[in-house]
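Trainee: I have a model open and want to learn how to read it. Where do we begin?

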Amino acid sequence: MPIYNAPLADMRFILNEVFNAEQFWQANENLAHVDAATAEAILEEMAKFAQNVTLPLNRTGDEEGATFSNGQVTTPAGFKQAFKQYAEGGWIGLAADEEWGGQGMPKMLTVLADEMLFATNPSFMLYPLLSVGAGMALNSYASQEQKQTYLPKIYSGEWSGTMCLTEPHAGTDLGIIKTKAEPNSDGSYNITGTKIFITGGDHDLAENIIHLVLAKTPDAPAGSRGISLFIVPKFIVNADGSLGERNPAGPGSIEHKMGIKASATCVMNFDGAKGFLVGKENQGLAAMFVMMNYERLSMGIQGLGASEFAYQNAAQYATDRLQGRSVLGAQSPNKPADSILVHGDVRRMLLNSRANNEASRAFAVYVGQQLDITKYSTDPEAVAQANIRVALLTPIAKAYLTDTAFQATLDAQMCFGGHGYIREWGMEQCIRDLRIAQIYEGTNGVQAQDLIGRKTIKCDGEYLAEYLAEIRDFANELDPNLNFIKDATLDVVTEVEMITHFILDRAKENPEFSNAAAIDYLHAVGLLSFTYMFAKIASAAQGKSGEFYQNKLALTHYFIQRILPDLSSRIIKIKAGSDLLMNFSEDYFTNQS
């Protein structure tokens with residue numbers, strides 16, 4: 001059976017020494033109820049749940065899968081009991097407002113709790129994850145009465161939530177959705193249409209499911225300006241809070257997928273189902289984006305969890321696997337062969353994965369801190385700056401973390417050789433489960449377009465300039481003993497700044513240029529962000545004794561010399577322009593003669 005040991009030591013280091021989390025929390029009156037001891041207790045309890053409850057269900061859930069019969073979805077054996085235990089532990093409302101039964105924990109802590117669940121059972125994690133996202137959208141845009149009706153039940157786990165956006169003909173382009181919302185005399189609406197790829201659209205984990213559905217009213221403006229958001233419960237909620245009649249909203253089927261098979265991905269049919277408007281008509285997309293942006297960071301955490309799981313298993317396998325001898329001679333003369341850790345290529349793959357994990361974890365906490373500022377700070381200027389930073393970095397959090405994680409899981413699989421292709425070792429499931437993270441919540445290509453288009457070109461590079469200034473200021477204050485990372489960080493800032501100006505200039509001349517450069521630019525900004533995280537890690541480790549801290553500095557050196565050079569190739573590809581891509585005719589791609 002695959003192993004998993006929650007990386008609590010690194011999590012404590014990131015929170016307490018890299019980001020001085022307790023000081024940050026105590027300085028904010030809205031977070032002063034959180035201290036390091038509370039955070040550690042939460043992480044330790046989540047580690048127990050992940051290792052003892054969700055990890056054993058990961059493979060069995062994959063093999064059994066969610067099943068669909070007679071219009072109902074059943075989750076794999078053990079999931080219902082695990083979900084009940086998870087809900088009773090208060091985990092669904094960990095970051096929710098106390099007003100609605102939550103615990104009010106900061107995002108920079110909950111991202112680490114989420115990582116452990118994603119590492120051990122991503123299919124399971126998706127059920128409560130959608131509930132949390134739905135709760136966030138409702139908390140931001142719903143009426144007080146709607147909040148009182150739905151939020152306590154969602155956060156207790158009695159009810160769950162979904163996000164119903166995509167239609168068979170409308171994925172990224174939500175402006176062309178066809179789902180209709182016809183108004184009724186009592187203020188409700190009849191919702192009619194079909195949604196696809198709906199995670200947790202139906203299941204047996206909760207007694208009611210609260211669907212958040214995008215639809216258009218009869219006189220809605222064309223395009224995305226005409227989208228409204230509606231609450232469509234599986235069972236109508238009576239005035240006293242009890243459940244009434246079944247709403248004509250339910251699954252027509254579930255998808256048969258490459259991975260996350262225990263997560264029910266449903267085709268949802270709404271046949272005149274009763275719905276209730278959230279916020280104002282034609283402003284539904286803004287409400288849904290609250291949920292979507294939360295999910296996008298979570299997909300990055302899914303990548304980190306998978307990469308950490310894969311790394312741990314590959315490192316253990318490489319330690320135990322005896323094969324051949326070191327080129328320097330026998331390193332374990334009392335054994336029939338040396339472990340494969342004596343081979344440089346195996347170490348390359350493991351160190352790449354380890355560096356990715358540690359930078360990703362720090363980056364997730366950094367973005368989480370920005371989200372905490374937007375939610376809890378009482379300083380309007382700080383909130384405005386944090387909102388800009390979150391807008392800039394959300395595409396990085398989603399796309400760069402999942403791109404690098406997917407490569408890391410492939411490297412981990414390769415460490416196993418042929419055994420990595422066999423089900424029993426867990427690597428092939430890990431890769432299958434992770435692949436979707438690069439696709440859903442907006443493909444990574446779409447995230448790259450968002451970064452280069454809306455977050456860079458549209459604001460003339462202002463968002464990035466502020467980020468670069470922050471990184472420069474930090475690097476310039478580093479201890480003189482850290483000149484190796486200081487110089488590398490300042491060089492990366494300069495290179496990314498220069499290529500951004502190049503992009504801004506070329507985009508004015510050629511509208512196709514930015515799309516062609518988008519993925520490489522996202523990876524360039526991702527490498528910049530990871531360099532910044534390693535600068536923070538090195539700064540926290542500098543001057544402290546012990547192997548733990550020395551390894552942080554050694555891994556920083558490794559990142560600079562073995563991973564960061566990829567920045568040069570990304571810049572070269574950006575400068576190559578769009579003509580090489582766009583000059584092929586459309587016929588070329590299908591003409592095989």
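Mentor: With exposure. A residue is buried under 20% relative accessible area, exposed over 50%, and partly exposed in between. Keep in mind that this model is predicted.

Trainee: Is K573 buried, exposed or partly exposed?

Mentor: K573 has a relative accessible area of 43%, so it is partly exposed. It lies in helix α18, residues 566-575. Now look across to Y521. Y521 and K573 are 52 residues apart along the chain, yet their C-alpha atoms are separated by 9.3 Å.

Trainee: And N357, buried or exposed?

Mentor: N357 is buried, because its relative accessibility is 0%. Find it in helix α10, residues 344-376.

Trainee: Which residues does N357 contact, leaving aside neighbours within four places in sequence?

Mentor: L304, S307, E308 and Y311.

Trainee: How do I read a helix pair, say α3 and α6?

Mentor: Check the angle between the axes. Under 35 degrees counts as roughly parallel. The axes of α3 (residues 36-54) and α6 (residues 107-120) cross at roughly 10 degrees and come within 9 Å. Therefore α3 is roughly parallel to α6.

Trainee: Which residues meet there?

Mentor: From α3, they include I42, L43, M46 and F49. From α6, they include L109, L112, M116 and L117.

Trainee: Which residues make the nonpolar surface patch of about 360 Å²?

Mentor: Y421, I422 and W425. Take W425. It sits in the loop between α11 (380-415) and α12 (427-435). Its relative accessible area is 35%, so W425 is partly exposed.

Technical notes: Residues are numbered from 1 along each chain as its sequence is written. This is a predicted model: local features need pLDDT of at least 70, side-chain atom pairs count only at pLDDT 80 or more; totals for chains, interfaces and linings use all residues. Side-chain values use heavy atoms; hydrogens and water are left out. Patches are made of residues with over 30% relative accessible area and no salt bridge: like charges are joined within 9 Å, nonpolar side chains (Val, Leu, Ile, Met, Phe, Trp, Tyr) within 5 Å. Accessible areas come from the Shrake-Rupley method with a 1.4 Å probe; for residues, only the protein chains shown count as cover. A salt bridge is a side-chain nitrogen of Lys or Arg within 4 Å of a carboxyl oxygen of Asp or Glu. Helices (H or I, at least four residues) and strands (E, at least two) are DSSP runs, numbered from the N terminus. Buried means under 20% relative accessible area, exposed over 50%, partly exposed in between (1.4 Å probe, protein chains only). Axes are lines fitted to C-alpha atoms, for helices over the stretch in contact, and angles run from 0 to 180 degrees between N-to-C directions. Angles under 35 degrees count as roughly parallel, over 145 as roughly antiparallel, 65 to 115 as roughly perpendicular and the rest as oblique. Contact means heavy atoms within 4.5 Å.
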